Structure formats: C-alpha cells, structure tokens
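Take a look at the model below. This report walks through its aromatic rings and its nonpolar cores.

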Amino acid sequence: METLQTSPRKQQDSDNPPFYRSSWGYDNGVRAAYEAISNRIKGGQKYPSFANLSSSSLGAANTFTLVKNPANGMYEASKTDTNGILGDYNFTISPISGLTISRSGNVLKISATEAAASEVYRRKGVVASATGHFYNFGNLSDKGMTVWGKYWDSSVQKFISLVNFNLTPLPCYIKIDAKVDLAAPVSLKKSMKGDPDIIAQLQGNACYSLAGAEYGVYKGGVWQETLTTNANGDAASAKRYPNGTVLTLKELKAPPGFKLDDTVHTITIRSGQANVVYVADEPTFDPRVLQFEKKDPETGLTAPQGNGTFQGAVFRWDYYDNQNWEGNPKRTWFFETDIYGFHGYDEIYKASGYTSDSLYFIREYGKVAYRVPIGSVK
C-alpha cells in the first residue's frame, strides 16, 4: 500500500492538476476519482438560483409573492431553479395552517388558503430555509485529496480522502410574501327562534317565511347598505369592508309571520374568514284565546230555556295557512260545548268520537298555551 497525494499548485491551472505516482507517470484511476470529487465540489458551490445564503438580505429575486388564483381561490407562487439542483433542497417553514411548499422538477411552488395568505401578509412575510449540499470550501488552493491504493493492482480499491475540508452544509433562504385583499363582505344567517317542537309545527306553513327580512348595515352609526334575506334566511353584502371594521346590523323589516327583532348585532370584519351574523326571529301567533258560547236565540242569554241544554254541541274548525280560506285546510279540529254552551281552542274541549289534528301551541311563562298561528279559520 502506498500513499499518493495530489493538490492544486498555486498560480497554476487548478482544474487540471498533475496526476503522478513516483516515476511511473499518470494514474488514470486517480484522475477519474479526482474528477468525480471535483465535480461534486463544484456542485457543492451551488444552491437554488432563487435562494440567498443570508436570511437578512432577501430581495425581490428571493421572494415568492402569493397571488390569488381565481380558478381555485388559492394563493399561489412559483419559481424555477436555473441551477438545476432543487431536488437536493427541501424548503421548510414554521407551520402555518393552510400553507404548503412543494417541488416539481426544478420548480418550487407555494400554495396557501386565503386564511394562510392573510396570516403571511399580517406577519409582513415569512422566511423558509433549506439545507442541501452547499459547502463553504473557502480557498481551494490550500485543499487537497489523498488517494490510497496499489497502482499496479487494479483489484485493490482506491480510497479518496479530503484534506482540510469543512463539509458542514450551509442553509439557504427564501422569503414568502402575499398580496391579499384584506377587505371582506359580511353575511347574515336567519333562523326561526323558539323551542324545536314549536318550530317543527310551523314547518311548511305558507304564512311563515324567512325571505324578505331587511337588515340595515351601519359603520360608526352611518348606514352603509341594506341586506335582504332569501328563502333560506341568507343574505350577503354587496360591499367589502376593510379588515378590523366594526359593523352593526339591525332588523328594519321582519319577514312574513315573525316579530321584528330589536337586537343590535355587532361584528368585527376579519379577512380570510367567514364574517357571519347569526340572527333569529320569533314567530307570531294569534294573541287571542279563541272561545265561543251558545245563546238562546229568543232570550239572547247563555242559559237555555226550560229543560233545554247547550251541552254536547259539536263544532268543526278548519285552519288554513293563508288569509282567504283557499285550498285544503292545514288542520281540522272538532270541539264540544260544555253545560254552559261554551267551548274554546283547548284540549279539554276536543269532542270525543271525532278525529282532530293536534293543536298549535306556544309557551308562556314556562307553560303550554294553545294559540292559532297566522292564517284563517272557519
């Protein structure tokens, strides 16, 4: 075993150093090994063309600016590595939910949701880093390689070792920025207010609708626009409001069948997220307690003459979910008078032997009270 050493000679062509072994001339095996390592060294002097070795001096050439893609709603940016070594670099960043960094060949792509892009914008940009095979070799003239092997015995593998090299890879950096419209719309979601069983009995009733409610939108007490709900109770503003804007919403007109809500709703606009105001209106019922009594047609009194009785008379009530008794009744009830000729809209007056639908009801002071919804009865 003998030691062969070659090193670039100062002030000479360091890319073509002499290859020798004592007096036997050049060793082509040494040359091939040297060239392989030399190329790797030269490759180690490269990093992605869009990156920078200093995180404190990142400029436009090192910056990925996220811009919204109308086709998919995502914020995207990409750059191509003209040095062709991106595959050796895996850029990472402190986690931001919704932000991803991916590679496709020599193209680095960054994608972000609106919320993630807004967070990048709020931070005034973020820095991503990667470590590949960039090494700081310093002055190559004082570096060398030692080759171990037997010149005359090709079966003995030659080993190459580097002398005086710092092989700690250095990181490189990119900056990620975003162009985000921080203005956002405000939307409204209306529902029916009340206990589930009360709400359920009004489903499908044409006298009640979530459509047509009108809400005024105000900023600093100044009217901005009016939102009108659709059949699902939804409404959205035509305007977009800057991030941090405080808005108040107040119902100006209740939809059919509901009480006007006098609650003032406040919301602070946040970009990159849904700005929804949830509201609920209480359905209205006929406030009257419907009661009927029989009278003697001759005396006009509620007491019958002689041995007569008002008890046991049966009345049919048909309820329609419109104001004109149109179509088929929604519900039908049969009520029977008591000994005084009296009956009313209550379970105790339901006639036995007849099939009646269930009664509509509300709750007053924690107790069930029977009330007829908006509509018509005959």
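## A buried tyrosine pair

Tyrosine 319 and tyrosine 360 are both buried in this predicted model. A search of the whole structure finds twelve aromatic pairs. Tyrosine 319 and tyrosine 360 form an edge-to-face pair. Their ring centres are 5.3 Å apart, with 65° between the planes.

This pair links distant parts of the chain. Tyrosine 319 is in strand E18, residues 314–320. Tyrosine 360 is in the loop between strand E20 (342–344) and strand E21 (361–364). The two tyrosines are 41 residues apart.

Phenylalanine 335 belongs to strand E19, residues 331–336. Tyrosine 345 is in the loop between E20 and E21. The two are ten residues apart, and the pair is another link between distant parts of the chain.

The limit for buried is under 20%.

## Rings in a cluster, charges over rings

Ring pairs join six residues into a cluster: Trp317, Tyr319, Trp333, Phe335, Tyr345 and Tyr360. Arginine 331 lies over the face of its ring, 3.9 Å from the ring centre.

Elsewhere, lysine 79 places its charged end over the ring of phenylalanine 64. Here the distance to the ring centre is 5.7 Å.

## The largest nonpolar core

The largest nonpolar core holds 26 residues. Leu66, Phe91 and Ile174 have the most contacts inside it. Several elements give it two or more residues: strands E2 (63–68), E3 (75–80), E5 (107–112), E6 (126–135) and E9 (169–178), plus helix H2 (114–122). E9 gives the largest share, four residues.

Which residues does phenylalanine 91 contact, leaving aside its neighbours within four places in sequence? They are Pro48, Phe50, Ala51, Leu86, Ile101, Leu108, Ala128, Ser129, Ala130, Cys172, Tyr173 and Ile174.

## Another core

How values were computed:
Residues are numbered from 1 along each chain as its sequence is written. This is a predicted model: local features need pLDDT of at least 70, side-chain atom pairs count only at pLDDT 80 or more; totals for chains, interfaces and linings use all residues. Side-chain values use heavy atoms; hydrogens and water are left out. Rings of Phe, Tyr and Trp (its six-membered ring) pair if their centres lie within 6.5 Å; planes under 30 degrees apart count as stacked, over 60 as edge-to-face and the rest as tilted. Buried means under 20% relative accessible area, exposed over 50%, partly exposed in between (1.4 Å probe, protein chains only). A charge sits over a ring if NZ of Lys or CZ of Arg is within 6 Å of the ring centre and within 35 degrees of the ring normal. A nonpolar core is a set of buried Ala, Val, Leu, Ile, Met, Phe, Trp, Tyr and Cys residues joined through side-chain atoms within 4.5 Å. Contact means heavy atoms within 4.5 Å.
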